[in-house]
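I opened my notebook to record what I looked up in this model. My entries run from the overall fold to single residues.

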Amino acid sequence: MSVIYLLISISIMVAIGFLIAFIRAVKTGQYDDDYTPSVRMLFDDELIQSKVIKPKVEKQEKQQ
């Protein structure tokens with residue numbers, strides 16, 4: 001029975017260690033995404049152009 005108490009206490013300490021590591025990583029900016037916003041602006045033009053092209057194609061089809 002004492003082994004269970006030992007294992008539970010060790011697992012709680014390990015869980016607390018992972019929680020502290022996670023909180024520290026979040027506070028230091030480890031999970032900040034600096035790459036996606038800079039690339040997103042490159043693909044915005046393609047989305048806008050595809051929206052503009054579709055209505056033009058539909059208008060041409062209606063005229064025929």
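**Overall fold**

I looked up the secondary structure in this predicted model. The protein has two helices and zero strands. Next I checked burial. Of the 64 residues in the protein, buried ones make up 3%. I also noted the accessible surface, about 6400 Å². Carbon and sulfur atoms hold 65% of that area.

**Helix α1**

I then turned to α1, which covers residues 2-27. I found 26 residues in α1 and a reach of 38 Å from its first C-alpha to its last. That is close to the 38 Å expected at 1.5 Å a residue. Just after α1 I came to Gly-29, where phi is positive, at about 85 degrees.

**A nonpolar patch**

Which residues make the nonpolar surface patch of about 760 Å²? I listed Met-1, Ile-4, Tyr-5, Ile-8, Ile-12, Ile-16 and Ile-20. I wrote down a rule beside the list: an α-helix has 3.6 residues a turn, so residues three or four places apart point the same way. Ile-20 sits in α1. Its relative accessible area is 53%, and because exposed means over 50%, Ile-20 counts as exposed.

**An aromatic pair**

How many aromatic pairs does the structure hold? I found one. The rings belong to Phe-22 and Tyr-31, with centres 5.9 Å apart. Their planes are at 45 degrees, so I logged the pair as tilted. Are these two residues buried or exposed? Phe-22 is partly exposed, with a relative accessible area of 45%. Tyr-31 is exposed, at 56%.

Methods: Residues are numbered from 1 along each chain as its sequence is written. This is a predicted model: local features need pLDDT of at least 70, side-chain atom pairs count only at pLDDT 80 or more; totals for chains, interfaces and linings use all residues. Side-chain values use heavy atoms; hydrogens and water are left out. Patches are made of residues with over 30% relative accessible area and no salt bridge: like charges are joined within 9 Å, nonpolar side chains (Val, Leu, Ile, Met, Phe, Trp, Tyr) within 5 Å. Accessible areas come from the Shrake-Rupley method with a 1.4 Å probe; for residues, only the protein chains shown count as cover. A salt bridge is a side-chain nitrogen of Lys or Arg within 4 Å of a carboxyl oxygen of Asp or Glu. Helices (H or I, at least four residues) and strands (E, at least two) are DSSP runs, numbered from the N terminus. Buried means under 20% relative accessible area, exposed over 50%, partly exposed in between (1.4 Å probe, protein chains only). Rings of Phe, Tyr and Trp (its six-membered ring) pair if their centres lie within 6.5 Å; planes under 30 degrees apart count as stacked, over 60 as edge-to-face and the rest as tilted. The expected span of a helix is 1.5 Å times one less than its number of residues.
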